Amino acid sequence: MAEKIRIKKGLDIPLGGKPSKEISIDSSSHIFAIYPDDFRGPVWKTSLKVGDKVKAGDILFTDKSSGKICLVAPVSGEIKEINRGERRHINFISIEKSEGKPSDFSKNQITNNPEAIKDLLKRSGLWAMMRQRPYDIVPEVEVKPRDIFVTAFDTAPLAGEILAEEDKEWLEKGIAILSTLTAGKVYLGIRYGQDLSSNIAQVYEFEGPHPAGNVGPQIAAIKPVNKGETVWTLDARTVVRIGKLCKAGILDFETLVAVTGPEVKNPHLVKAIVGSSIEGIIKGFLDSENGKRIISGNVLTGEKVTKDGFLHYPYRQITVIEEGDTADEFMGWASMNPGKFSVKRNFPAFLKGLTKPFNFDARIKGGKRAMILSGEYDKVFPFDIYPEYLLKAIMANDIDRMEKLGIYEVAPEDFALPEFVDTSKQELQKTVKEGLDYLRKELS
């Protein structure tokens, strides 16, 4: 029987545009892309050229250090663009889809050989869909995890379901594969009342506001990461892909994308392919694209994209809100408009409760200033950590204090809510990411 854990600290942001359970199919996307920067840790390289033909599952990128960790093509077709930025850094590789058989993984069915499983996951691109703590990076090849943590639900604003009904039969098979890769346990975090169970993983039911669905608070509540320890994390959809690959030789690139937000008509789920074009997925969802911010992901951690862009990892959500750059409000920030949201009860909306949907826009509504030690982060930060002091240690590049204050337990996404409520308008996720990169560089 699953053990129940309640996450008390957090915040459910009442953003309008919640998706229904209706599922449509993306039949408009014909260009697909993979962004190597979505997969932090390795330095990625490619030998492909524009015009090269690839099959679904063929290698697009390999890591420079080992040459074994791969990012692969989600569809068969022709390389349309290798988009580069400064110093010829590759931003993404796009593929124009055409009819063709995928790469054959049917001979690679593996169930109980850990080294063969690792090799297959690295070759198939599924290794890159896992994360390692500390550092929140693609798992390092030579490090064996203490435990593996799987989250089967998402509490981010307007997030849809991670698993479809037909995925559940593969979840246990994927967990069985993962259990061979650690001497410890596989932990499965589910929403309270969610219809999931496992005979292999240790199951915990989580109740509470966001970020209860994030794997970070789940690790902190079950078995925190200490200095010298390594754990792997992944979502249940990736576990399903691992089960299909290792048990049936099927490399699955389908994903359920929640198209959400107050600017979306009929928000619902779309069955699409990893790396699909934004234009293809949102076709028919918007009355107009003028003055809209399109986000690949949720409003707290997602990437700003244009309709010409592509779906970013973890490939689960698109959110559309007002940009807000033409807003003209009477009295500006001092307006007592009951339609304004505030976690600090600065506006009268709290009198009606904070469960009704609000139409947020992308404005910061304030200016960057020195960090204020007000304790406002603690109210939404469900870790046994002092977030302000950890952030100050990161800004000072003080490794000893970072370690004492819990740097090994956290990832940038864990600071998304503190960033949202921050009076000082600091870029906290960026700060934590830079701190983890600095720590890894100095200790490697």
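User: What makes the largest space of about 80 Å³ a cavity in this structure?

Analyst: In this predicted model, the largest cavity has a volume of about 80 Å³. It is called a cavity because a 1.4 Å probe fits there but cannot get out. The structure holds four cavities of 30 Å³ or more.

User: Which residues line the largest cavity, and how do they divide into nonpolar, polar and charged?

Analyst: The lining consists of Ile34, Phe39, Leu71, Val72, Ser124, Gly125, Met129, Phe253, Val274 and Tyr315. Eight of these residues are nonpolar, two are polar and none is charged.

User: Why is the second largest pocket called a pocket and not a cavity?

Analyst: The second largest pocket, with a volume of about 970 Å³, is named so because a pocket is an open set of points, whereas a probe in a cavity cannot get out. Among the 38 residues of its lining, Lys18, Ala159, Gly160, Glu161 and Arg191 are the closest to its centre. Strand S13 (202-207) and strand S16 (268-273) each give two or more residues to this lining. The lining of the second largest pocket comprises 18 nonpolar, seven polar and 13 charged residues.

User: How do you know that Ser424 is buried or exposed?

Analyst: Ser424 has a relative accessible area of 0%. Buried means under 20%, so Ser424 is buried. Its place is in the loop between helix H8 (416-421) and helix H9 (428-443).

User: What makes the pairing of the Ser424 side chain with the backbone oxygen of Ala370 a polar contact?

Analyst: A polar atom of the Ser424 side chain lies 2.8 Å from the backbone oxygen of Ala370. The cut-off is 3.5 Å, so this distance qualifies. The backbone nitrogen of Ile372 lies 3.4 Å from a polar atom of the Ser424 side chain, and this value also falls within 3.5 Å. Leaving aside neighbours within four places in sequence, Ser424 is in contact with Gly367, Lys368, Arg369, Ala370, Met371 and Ile372.

User: Which residues have the most contacts inside the largest nonpolar core?

Analyst: They are Leu121 and Leu178, in a core of 74 residues. Helix H4 (residues 236-248) supplies the largest share of this core, six residues. Apart from this core lies another of 22 residues, including Met371 and Phe381.

User: Which residues does Leu121 touch?

Analyst: Not counting residues up to four places away in sequence, Leu121 touches Leu126, Trp127, Met130, Leu181, Ile242, Leu245 and Cys246.

Notes
Residues are numbered from 1 along each chain as its sequence is written. This is a predicted model: local features need pLDDT of at least 70, side-chain atom pairs count only at pLDDT 80 or more; totals for chains, interfaces and linings use all residues. Side-chain values use heavy atoms; hydrogens and water are left out. A nonpolar core is a set of buried Ala, Val, Leu, Ile, Met, Phe, Trp, Tyr and Cys residues joined through side-chain atoms within 4.5 Å. Buried means under 20% relative accessible area, exposed over 50%, partly exposed in between (1.4 Å probe, protein chains only). Helices (H or I, at least four residues) and strands (E, at least two) are DSSP runs, numbered from the N terminus. Contact means heavy atoms within 4.5 Å. On a 1 Å grid over the protein atoms alone, a cavity is a set of points where a 1.4 Å probe fits but cannot get out, and a pocket is an open set with protein on both sides within 12 Å along at least five of seven lines; lining residues have an atom within 4 Å of a point. Grid points are joined across faces, edges and corners, and a volume is the space filled by probe spheres set on the points. Ala, Val, Leu, Ile, Met, Phe, Trp, Tyr, Cys and Pro count as nonpolar, Asp, Glu, Lys and Arg as charged, and the others, Gly among them, as polar. A polar contact is a pair of N or O atoms within 3.5 Å; within protein, one must be able to donate a hydrogen and the other to accept it, and residues adjacent in sequence count only if both atoms are side-chain atoms.
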